[in-house]
Amino acid sequence: MRPRVLVPADPRRPRQAPAGTEAVVVGGGIAGISAAVVLAERGVAVTLVEAAPTLGGRLGAWPHTLPDGTQQVVEHGFHAFFRHYYTWRAVLRRIDPELSFLRPVGGYPVISREWPDEDLTSLPGSPPLNLLALFARSPSLGLRDLLGSDQALAAQLLAYDRDRTTARFDEIPAAEFLRSLGMSDRAQAMLFEAFARSFFADPGALSAAELIAMFHYYFLGNPEGIAFDSPDTDHLTCIWAPFAAYLQARGAEILVNSRVSAIAPVDRHLWQVEVDAAPSLRTRHLVLATDPGALRAIVAGSPDMSVAAPKLARKAAAIAVAPPFAVTRLWLDRDVLPERATFNAVSREATLDSVTIYSRLERPSAEWAARTGGSVVELHSYACDAPDADTATARMRAELAALWPETVAAQVVHLQQRMEATAPTWPPGGAGTRPCVTGDARGIRIAGDHVDSPFLTGLMERASVTGVLAANDILDEVGAGPEEIRGIPQRGLLARR
């Protein structure tokens, strides 16, 4: 179970694109940046169009002023940079070859008010040793669970195969699959449900095939182990400002605050891109690297697409968007207990799904906490059913107080809250309904973590891989060689050969 090359470089083909090659990339998140970086490096004249004031998408960050005048940068929420994100890390190495801004987060506990913490770190990286170690060390999994489970069904977690797993389990909700395993309620809650919700869905609304795929991707097929890193400063400083400078140094034009409203085919295999409050663009090579809702809106606002690209129009119209996620960052007047982990997944709370102590994670928050004696704590709800951000914050704070009683007396010096629905979801029966990187629209490539990638990936890595695949398709069309893509084993240890 070692990393492998999924797309090899081709030294027989030119590395550089022919002079005069151009491309428009819509969306400045991970997918769009990954595509733009590869293309700009190969001599393609890239125009990057982003609707927000800053780059980054759901990894984006923007300046924020606290009541005391302190300048901070806030983000959409904590993201784990797993060590098997080979493509995304390769792109990040363009701006920091040593990835010196990444630091180990430490433990990965799952916390609950019902049961003791479950720590998922320090397990071996290779299956089946990691699974055996999980049974040996986990307080939630015992011999009764192992003997009492549906072992044939549980073996499917080790037998991931894209075609077979999808055919058998895509129509089944993940919650039903987990119940069928026959493990204890504690094991389901602490080990599986918290994991499932990190994909922006309640287990009842997530395909069991996707759960099995992600269990393979993050655990059973992950040669690096489940430990992860995080930036030691804000994302704007260490990621997005450097990427903007990197692209501009290679001739790319970056348009922020520029929302694309429609696209239309024009003569000579060109696409016209309508940009609000800006001149339209014409391109032979278009990468749509937006979030799923924005892709749906662009295609819906492009009446010619139903004729020019009927399959893409149909899939974009049907694309599923996850329930809103809510992120609240609290600047508190005191610290939480020293034994609290930096990042904590939360099990079986109605709203709260994770807690991150930012004042132990990144320098700007740590400096504020050291100066004031307070702490900076972020609360996250991945599939939030609250009607608004205020209600989500109130619920998450109440649930945090039950988990960490020392926060009851803490005064909130300041808060910053956000609630939005921009993430993809993978519902039962959804296989085959999502757009692929390439389709029936010549000149259009689709990238993002909602795209049906030919390779097993997840979250940030899926966004980056599809961005590089989009760039590779453009390079292939103009006669240049592809960018290498590496990944984890694509099939489980027990998958039939």
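Q: Which residues line the second largest cavity?
A: This is a predicted model, in which local features need pLDDT of at least 70 and side-chain atom pairs count only at pLDDT 80 or more, while totals for chains, interfaces and linings use all residues. Residues are numbered from 1 along each chain as its sequence is written, and side-chain values use heavy atoms, with hydrogens and water left out. A cavity is a set of points, on a 1 Å grid over the protein atoms alone, where a 1.4 Å probe fits but cannot get out, and lining residues have an atom within 4 Å of a point. The lining of the second largest cavity is made up of Phe199, Phe200, Glu210, Met214, Pro424, Trp426, Asp449, Leu459 and Arg462.

Q: How many charged residues are in the lining of the second largest cavity?
A: Asp, Glu, Lys and Arg count as charged; Ala, Val, Leu, Ile, Met, Phe, Trp, Tyr, Cys and Pro as nonpolar; and the others, Gly among them, as polar. The lining of the second largest cavity has 6 nonpolar and no polar residues, and its charged residues number 3.

Q: Which helix gives the largest share of the lining of the largest cavity?
A: Helices are DSSP runs (H or I, at least four residues), numbered from the N terminus. Helix H8 (185-197) and helix H9 (208-220) are the elements that give two or more residues to this lining. The largest share, 4 residues, comes from H8.

Q: How many disulfides does the structure hold?
A: A disulfide is a pair of cysteine sulfur atoms within 2.5 Å. Cysteine 384 is buried (under 20% relative accessible area), because its value is 5%. Cysteine 436, at 32%, is partly exposed. The number of disulfides in the structure is 0.

Q: What is the C-alpha to C-alpha distance between glutamine 248 and alanine 40?
A: Glutamine 248 lies in helix H10 (residues 235-249). Glutamine 248 and alanine 40 are 208 residues apart in sequence, and their C-alpha to C-alpha distance is 9.0 Å.

Conventions
Buried means under 20% relative accessible area, exposed over 50%, partly exposed in between (1.4 Å probe, protein chains only). On a 1 Å grid over the protein atoms alone, a cavity is a set of points where a 1.4 Å probe fits but cannot get out, and a pocket is an open set with protein on both sides within 12 Å along at least five of seven lines; lining residues have an atom within 4 Å of a point.
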